[in-house]
Structure formats: C-alpha cells, structure tokens
Amino acid sequence: QKMNEKLVVIFILSIFLCLSCYYLDLPGLNFDECLGAAPAVKFLYGSNCEPMQIDPSVIHIFGRPLPIMIMPYISGLKTLLHIPFYAILGVSTVSTRLMPVTLVTLSIWIFYLAVKKAKDARTATLSCLLFAVHPVTVFYMTRDITPVAIAVLCLSIIFYSLYKWKDDRRNTYLTVIAFFSGLGVSHKADF
C-alpha cells in the first residue's frame, strides 16, 4: 500500500514536471522574475546591473551586494533562492524558472502529506493531481508571473505542520508554523 502511494505521488510529480518544464524558456523573463534574479546575478558575478528596489536596503557578503528588501513589501528571499541555481546551472531563463518549479514540486509533495493527514490518501491523490495539472500551477507559478511559488510552499508546510501539531501537540510544529508564516510575510507582505 505505502509503495503504491509513493509511486502515485512520483507519477503526479512527474506529470507536473513534464508540463511545467515544457518550453520552460518561453515566453521570455518578465519583470517579477527579474526582480529577484538581477540581484542574484549581481551577487554572483558582480555584473553592472543596478539594484531594482525602490528603497535599496543592501548588505554586503564577501564584498558582494545582497538585498535585504527588493521593494518595501518584498524581501530578498527570492534572490537568495536563485543564487544556488545560477551558481550550479549558470544564468538563463531556464535556470531562473527552475527555482519556482522546484518550490512548486516540493509544495505538491508537502500538500499531499497535509491532505493525507487531514483526510485520506485518495483525497490527497486527487487534490494533488488537480494541483499539479492546473494551468495556474503549470504556467503562472513556474513562470513566476506573481511571486506565489514561495507562498504556496510556505502554506503547504504550515498546513502540514498544523495537522501534525493537531495529532501530537508538539511545540516544534508551532515553531515551524510561526517560522514559515514569518518567512511568507517577509517574502511578500500580502502573504
């Protein structure tokens, strides 16, 4: 039974990855994607791109600029997440979009665990299948039209932790909920 569940989740994640990575470089990058990407490029490669934030709040690590806030209501979290992708894969549209694809893949998996905890495996499977193939998930969350990939990951972790806390009342889960709530708000104030 457990092995079948794992295979089903892997199958759902594979469907999502096939759909979301098909023509991952099209259309070209949009403004929201560049907001977090440009400072990551500047941090890694010292490019001449200027900080895009309205009220720059930058710290320097190893002599390289890293924004704390991109805008007064958006943190530099997305920039931090882009850095390892660019360091490993180089800078491209595909490497820029692989970060939200990875976050959404994790979100679907954690969402599955949360729904399974709240209901049952069948409901979790159907919910995650709908999540994985929904056009908003495939085309908007992975192209970062709006910065929701991080928000959805944080919410998935919060819901899973809430159900775990409900079962065993361990304060560790409340700490996780508080941390990811704060991370979500710091990423974008409308979280």
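User: Before we start, what does contact mean here?
Analyst: Contact means heavy atoms within 4.5 Å. Keep in mind that this is a predicted model.

User: Fine. With neighbours within four places in sequence left aside, which residues is Thr 105 in contact with?
Analyst: Leu 13, Phe 16 and Leu 17, once those sequence neighbours are set aside.

User: And where is Thr 105 found?
Analyst: In helix α4, which covers residues 93-118.

User: Is Thr 105 buried or exposed?
Analyst: Thr 105 is buried. Its relative accessible area is 16%, and the cut-off for buried is under 20%.

User: Step back. How many helices and strands does the chain have?
Analyst: The secondary structure comes to 8 helices and 3 strands.

User: What pattern does the chain follow along the sequence?
Analyst: Read along the sequence, it goes α-α-β-β-β-α-α-α-α-α-α.

User: What about the radius of gyration?
Analyst: The chain has 18 Å. A compact globule of 191 residues would have a value near 16 Å, so the two agree.

User: What box do the C-alpha atoms fill?
Analyst: Roughly 55 × 40 × 25 Å, taken along the principal axes.

User: How much of the chain counts as buried?
Analyst: Of the 191 residues, 39% count as buried. The chain exposes about 10400 Å². Carbon and sulfur atoms supply 69% of that area.

User: Contacts again. Take residues at least 6 apart in sequence: what share of their contacts joins residues at least 24 apart?
Analyst: That share is 61%.

User: Charges next. How many positive and negative side chains are there?
Analyst: There are 16 positive and 11 negative side chains. The centres of the two sets lie 10 Å apart.

User: On to cysteines. How many disulfides?
Analyst: The count comes to 0.

User: Is Cys 128 buried or exposed?
Analyst: Cys 128 counts as buried, at 1% relative accessibility.

User: And what does Cys 34 count as?
Analyst: Cys 34 counts as partly exposed, at 24% relative accessibility.

User: Which non-glycine residues have a positive phi?
Analyst: Tyr 23 has one, about 55°. Arg 169 also has a positive phi of about 55°. Most residues other than glycine have a negative phi, and most peptide bonds are trans.

User: Where do Tyr 23 and Arg 169 lie?
Analyst: Tyr 23 lies in the loop between α1 and α2. Arg 169 lies in the loop between α7 (149-168) and α8 (171-187).

User: What about Tyr 22, where is its place?
Analyst: Tyr 22 is in the loop between α1 and α2.

User: Buried or exposed, for Tyr 22?
Analyst: Tyr 22 is exposed. Its relative accessible area is 55%, and the cut-off for exposed is over 50%.

User: Last one. What separates the C-alpha atoms of Tyr 22 and Ala 114?
Analyst: They are separated by 28 Å. Along the chain, Tyr 22 and Ala 114 are 92 residues apart.

Key
Residues numbered from 1 in each chain as written. Predicted model: local features only at pLDDT ≥ 70, side-chain atom pairs only at ≥ 80, totals over all residues. Heavy atoms only, no water. Helix = DSSP H or I, 4+ residues; strand = E, 2+ residues; numbered from the N terminus. Rg over C-alpha atoms; globule rule 2.2 N^0.38 Å. Buried < 20%, exposed > 50% of the residue type's maximum accessible area, 1.4 Å probe, protein only. Areas by Shrake-Rupley, 256 points an atom, 1.4 Å probe, with all protein chains shown as cover. Lys, Arg positive; Asp, Glu negative; His and termini not counted. Charge placed at Lys NZ, Arg CZ, Asp CG, Glu CD. Disulfide = S-S within 2.5 Å.
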